[in-house]
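Take a walk through this protein, one region at a time. Keep the sequence and the model side by side as you read.

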Amino acid sequence: MFHQRKINMRHVAIYIASMLFLVVLLPYVSIKLFPSLVEHEDGIAYKGEIPKTVKVYITEKKKYETIPFEKYVQGVTASEMPSAFEPEALKAQSVASRTYALGRINSGAKLCDTVHCQVYRSDNISAKVKDAVNETKGQVLLYDGKLASHALYFASSAGKTENSEEVFSGSFPYLVSVSSSYEPGATHKKEKQTMSISTFSSKIKEHMPELNFGKIKRSNIRIKSHSKGGRVKSIKVGQKIISGADVRSALGLYSARFKISFKGQKITITSSGSGHGVGMSQYGANGLAKKGKDYKEILTHYYKGTTVSK
Ligand SMILES: [Zn+2]
């Protein structure tokens with residue numbers, strides 16, 4: 001009897017301790033152990049957390065190097081935008097690159113020196129680029145007081161940028177279609193590719209072997225819809241409907257803003273602009289700079305509703 005009672009008392013004690021742990025301690029433990037989950041679900045107010053150094057995977061050396069953060073931003077700005085561009089465009093680029101890098105670091109991703117993240121080279125950094133980066137030192141792009149971590153950019157838009165959700169999977173309030181009509185000196189204004197329909201067919205099938213297109217012929221290749229920025233959103237190819245971005249990567253087009261025309265058994269694809277079309281157009285940034293806009297005006301034009309941190 002006494003023995004039985006002792007066990008019951010122990011059960012009660014264990015029960016109380018368990019409840020205490022669940023109700024009081026566990027939430028605290030979870031938050032302490034997984035701070036990044038909490039941060040990335042809701043986003044947190046930006047308080048100026050710029051790291052002093054970053055670890056970047058240097059492809060050529062096959063190893064990580066620790067680089068002062070602002071030096072990294074210099075190397076990215078110099079690699080991602082021609083140094084001949086206007087100083088205000090280079091400054092806009094440096095803020096976008098700094099923001100994007102910080103977003104990747106915050107999400108726990110590792111940085112590399114290729115287009116996968118941002119191209120980074122430590123050599124050939126002109127004094128003009130160094131000045132542009134120094135003049136925006138530590139500045140990042142914010143939306144609603146939080147880091148606008150998806151500060152994407154691309155070469156040229158040929159008229160309009162895109163809503164992010166029409167090109168990538170996520171939708172972001174600062175990545176919406178805006179005009180970009182002045183892009184002086186932009187390359188790839190009208191890129192033509194002509195090939196036989198059978199070559200077109202094998203390139204598409206090779207790129208998407210999992211899809212059953214059936215016989216692809218002139219009569220069943222048709223653009224179905226366009227995105228807000230004017231790129232091909234969906235296109236019928238054989239028995240399937242695929243995205244313009246799929247065609248872009250299958251054929252290696254500069255952009256998904258393209259038209260198609262036929263002549264006999266040949267197809268011509270004419271694309272304009274270069275890059276995915278989401279965020280800041282670099283040639284457009286240069287155009288706005290030539291018109292006298294400063295880097296903050298350039299950034300807030302392309303990233304709607306954002307502000308530049310102090
Ligand atoms: Zn990478």
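Start in a loop. K62 sits between β1 (53-58) and β2 (63-68). Its phi is near 55°, a positive value in a residue other than glycine. Is K62 buried or exposed? K62 counts as exposed, because it has 7 C-beta neighbours inside 10 Å, and the limit for that class is 12 or fewer.

H188 lies in the loop between β8 (179-180) and β9. H188 is not a glycine either, yet its phi is positive, at about 60°.

Now step back to the whole chain. The model is a predicted one. Its secondary structure comprises nine helices and 16 strands. The protein has 310 residues, and 38% of them count as buried. Take the contacts between residues at least 6 apart in sequence: 67% of these join residues at least 24 apart.

Next, the sheet that β9 belongs to. It is an open sheet of three strands, in the order β9-β14-β13, with antiparallel pairing. Which strands form its edges? They are β9 and β13, and each pairs on one side only. Neighbouring strands are turned by 20° against each other on average, direction ignored. Strands of a sheet pair through backbone hydrogen bonds, either parallel or antiparallel.

Follow the pairings one by one. β9 (residues 191-196) is joined to β14 (residues 266-271) by six bridges, and the two run antiparallel. Here S196 stands opposite K266 of β14. On the other pairing, six bridges connect β13 (residues 258-263) with β14, again antiparallel. F258 stands opposite S271 in β14. K263 has K266 as its bridge partner in β14. Two residues separate the strands in the hairpin of β13 and β14, where G264 takes a positive phi near 60°.

Another open sheet of three strands has the order β10-β11-β12, with antiparallel pairing. Its edge strands are β10 (221-226) and β12 (240-243), each pairing on one side only. The twist averages 25° from one strand to the next. Four bridges link β11 (residues 232-237) to β12, and these strands run antiparallel. One detail can be picked out: K236 has I241 as its bridge partner in β12.

In soluble globular proteins, nonpolar side chains tend to be buried together. The largest nonpolar core here has 64 residues. Which members touch the most others? They are A92, A96, I298 and L299. Helix α4 (residues 87-106) gives the largest share of this core, eight residues. Where does the core lie relative to the domains? Domain 1 (53-184 + 277-308) and domain 2 (191-271) both contribute residues, so the core lies between them.

Leaving aside residues up to four places away in sequence, L299 touches A92, V95, A96, L141, T306 and V308. L299 is one of the buried residues of helix α9 (residues 295-302), along with Y295, I298, H301 and Y302. These residues cover an arc of only 160° around the axis, which means that they sit on the same side of α9. What do they pack against? Their partners are α4, β4 (141-143), β15 (280-281), α8 (282-290) and β16 (307-308).

Finish with another helix that meets α4. In α5 (residues 127-135), the buried residues are V129, A132 and V133. Viewed down the axis of α5, they fall within an arc of 95°, so they line one face of the helix. These buried residues pack against α3 (69-80) and α4.

How values were computed. Residues are numbered from 1 along each chain as its sequence is written. This is a predicted model: local features need pLDDT of at least 70, side-chain atom pairs count only at pLDDT 80 or more; totals for chains, interfaces and linings use all residues. A residue is buried if 20 or more other C-beta atoms lie within 10 Å of its own, exposed if 12 or fewer, and partly exposed in between; C-beta atoms are placed from the backbone. Two residues are in contact if their C-beta atoms, placed from the backbone, lie within 7 Å. Two strands pair if DSSP finds at least two bridges between them. Axes are lines fitted to C-alpha atoms, for helices over the stretch in contact, and angles run from 0 to 180 degrees between N-to-C directions. A nonpolar core is a set of buried Ala, Val, Leu, Ile, Met, Phe, Trp, Tyr and Cys residues joined through C-beta atoms within 7 Å. Domain bounds come from an automatic or database domain assignment. The arc is that of the directions from the helix axis to the C-beta atoms.
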